[in-house]
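Here is a short briefing on a protein model. Keep the structure open as you read, and find each residue as it comes up.

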Amino acid sequence: MLMIIITAMSLPFLSKKPLDLPPIISVELIQITDQTNIPFAPKAKKIIEKVKKKEKEKLVSEQAPPKAIKKEKPDAVPLPDQENEKNKEVKDKKQNPEKIDNEVKQVSEFEKEELFDTNNIAALIDKAKEKKADVINKTDKVTQDRDKNLDIVGLSLSEEDALKAQIFGCWSIPLGLPYDEKLLVKIKLKLKPDGTVIRTEILNHERMNKPGQGFYKVLAESALRAIQLCQPLRVPTTGYERWKDLQLNFDAREMLEG
Amino acid sequence: MLFRFLLIFLILIPFKSHSLIEVDITRGNLSPLPVAVSPLSTDSKSRDIFEKILKKKDIGFEISKIVENNLRQSGLFNPLNKDAFLQKPNIAHLKPRFEDWALIKAQALITGKVIAVDGKLRVEFRLWDILAGKEMMALTFTTVPTNWRRVGHIITDKVYKRLTGEKGYFDTRIIYVAEEGPKIKRIKKLAIMDQDGFNNKYLTLGNELVLTPRFSPTNQMVTYLSYFRNLPRVYLLDIETGIQEVVGDFPGMTFAPRFSPDGKKIIMSFAKDGNSDIYTMDLENRIVEKITNHPSIDTSPSYSPDGKFICFNSDRSGYQQIYVMKSDGSKVKRISFGRGLYGTPVWSPRGDLIAFTKLHKGKFYIGVMRADGTGERLLTENFYQEAPSWSPNGRVLIFYRETKTNSKGEGFSAKLWSIDLTGYNERLVETKTDASDPSWSSLLSN
């Protein structure tokens, strides 16, 4: 009998003491607001106002007209004779014609072909310069053509790589996103020539506030943060017209799949 | 004629394309997001009230420390050093000066205040996007002052969800087996604690051996294995009332219990005459159902979150491997084909992955694979480790790891560890004693 009682007492559910666990107390959650209208701290407000004022002043100074340059009076316009004289002086300084003229004058017509004619060499050099200049002009034209082509094709590989590398570093991917969902955020940017962002526009903005699109919102916000953090963007130094409007497609699937 | 010329002229005009340049951003950095957690401001009156009740000098600072610690542990956030903050907490709960926070490289900011209202603790907190210069979230909580630690966890959950897109896992508990004494004479008790190791409580006295406790996904019930007269049996424990009972009247050994996703059933193994099969028991009507019927050892069953499938391990192929079947036991399919032995499969609450323990060449691995067996990834390797359990959001795994003993049998220890799906954020979970067999609860508040 005693054995039975001892055995029964050793059963876990009988020998168990009442649990000393704090009960789970409910916590009342109240959403205050999505957007707040709470004010800045008084001191902060003053500082912000000061900063804004300074910024305004800066803007004013930037927009101020350039210093007035004294215009030459019509009287100061040189007369044709005076102009010729000036030109002569310039020519004299540049080509030092006195010596050359003297040498030319001293050589007879027979001797001309045989003699070492420095003037002719100079002329040859000048021609070479002209040819070179032509080539440069031609290549310049080719570059412009290329530029036109790029207008259609997009950024060059190196330009695109530079931009991508910069944004890769700024974009903290929200790791909580599911990798199997089609999450692609397209953001259209309006850029300044120095790469700072004037305006951002999420192309599927309506998804941001749709119920059940929490992941899209998180991804879009992270993309916007990356753009803010990265600016000024590493854009090409030329061809502003080409890239002043740019679209960035943020796609985290590759990273999330691991 | 004029029309023809006009047509030819229009055709010959070259169309200039103004297509928008598109750049695909497919990579980013995985470094933790810099977050500033400003201490929650408290007025002097409230501070005095809370100091009397909680014996904490600055409850706002203490709550912010919990939030900071949680965010750091997650591995996804980098809480910035408070010494670098330019704005003081007493004004930071107003609209922050974003320039000051951007200066210290913060991308998000948490501010707030704590006040005493009718003896209750009221917390108002706000999450700010520093770079966009806007508020992302504003919430207020009211609760009893003794609940202050949970308030910190709930704030973290809300912030985590807002910034990562998935539910948090901070306002949760972990049940585990607390171990004490030498290896050959181990005392094992059921214990429960908050996920950050605080509020540790023992649920059993240590008279009986306890193993494999598992939380119910829907309420504060726990199922576990305990030995009675050297016979292992599955028990059910209500941790709020302390009432416990044996699950089913099986004429043999029952083990490896786990709840169904709706918490209405328990799935477990029942062994008799050297054969082990999987059974379920309905907790309402106590009806027992046999799920597998195979002359091999089928064990460690785990439901998919939708309850339609079950994964388990079986040696029916000659070696222990992972299988998936429909919840009625039909369409059994092997999913693990790698080298080594696979065991303790656990379906992720997200449904996308199955975590497992793998033994290969004398080493133990914790890994994950997709539900169809593809994409196997081994997250961590060690001398001995097993029993992974998912955090409620399916982002982190908790498991236990044992250390080697020396030739005299000394130096043995068992500790809880956590690792996230990236495999980089591996952390020791502090417990008062040695610990094994952890199981993560669902979120206490939603």
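Start with two terms. Helices (H or I, at least four residues) and strands (E, at least two) are DSSP runs, numbered from the N terminus. Two strands pair if DSSP finds at least two bridges between them.

The model is predicted: local features need pLDDT of at least 70, side-chain atom pairs count only at pLDDT 80 or more, and totals for chains, interfaces and linings use all residues. Residues are numbered from 1 along each chain as its sequence is written, while chains are lettered from A and ligands numbered from 1 in the order in which they are written.

**Two hairpins in chain B**

- β24(B) and β25(B) form a hairpin, with 2 residues between the strands.
- The pairing of β24(B) with β25(B) is antiparallel and has 8 bridges.
- One of the bridge partners in β25(B) is B:R370, which goes with B:L353.
- β25(B) also forms a hairpin with β26(B), this time with 6 residues between the strands.
- In the turn of that hairpin, B:G373 has a positive phi of about 95 degrees.
- The pairing of β25(B) with β26 (residues 377-382) is antiparallel, over 5 bridges.
- Across from B:F364 stands B:N382 of β26(B).
- Is β25(B) mostly covered or mostly open? Mostly covered: 6 of its 8 residues are buried.
- Buried means that 20 or more other C-beta atoms lie within 10 Å of a residue's own; exposed means 12 or fewer, and partly exposed is in between, with C-beta atoms placed from the backbone.

**Positive phi at two lysines**

- B:K361 is not a glycine, yet its phi is positive, about 50 degrees.
- B:K361 sits in the loop between β24 (353-360) and β25 (363-370) of chain B.
- B:K361 is exposed, with 6 other C-beta atoms within 10 Å.
- B:K331 is also not a glycine and has a positive phi, of about 55 degrees.
- Look for B:K331 in the loop between β21 (321-326) and β22 (333-334) of chain B.
- B:K331 is exposed, with 9 other C-beta atoms within 10 Å.

**An open sheet in chain B**

- An open sheet has 4 strands in the order β15-β16-β17-β18, with antiparallel pairing.
- Its edge strands, each pairing on one side only, are β15 (253-259) and β18 (288-290).
- From one strand to the next, the twist averages 30 degrees. Axes here are lines fitted to C-alpha atoms, for helices over the stretch in contact, and angles run from 0 to 180 degrees between N-to-C directions.
- β17 (residues 275-282) runs antiparallel to β18(B) and is joined to it by 3 bridges.
- B:T280 has B:E289 as its bridge partner in β18(B).

**Two domains in chain B**

- Chain B is split into domain 1 (33-164) and domain 2 (173-440). These bounds come from an automatic or database domain assignment.
- How far apart are the C-alpha centres of the two domains? They lie 36 Å apart.
- The contact takes 5 residues from domain 1 and 7 residues from domain 2. Two residues are in contact if their C-beta atoms, placed from the backbone, lie within 7 Å.
- On the domain 1 side, helix α3 (residues 59-74) gives the most, with 3 residues.

**Chain A**

- Chain A has 11 helices and 4 strands.
- Of its 258 residues, 14% count as buried.
- The peptide bond from A:Q231 to A:P232 is cis, with omega near 5 degrees.
- A:P232 lies in the loop between α9 (214-230) and α10 (240-243).
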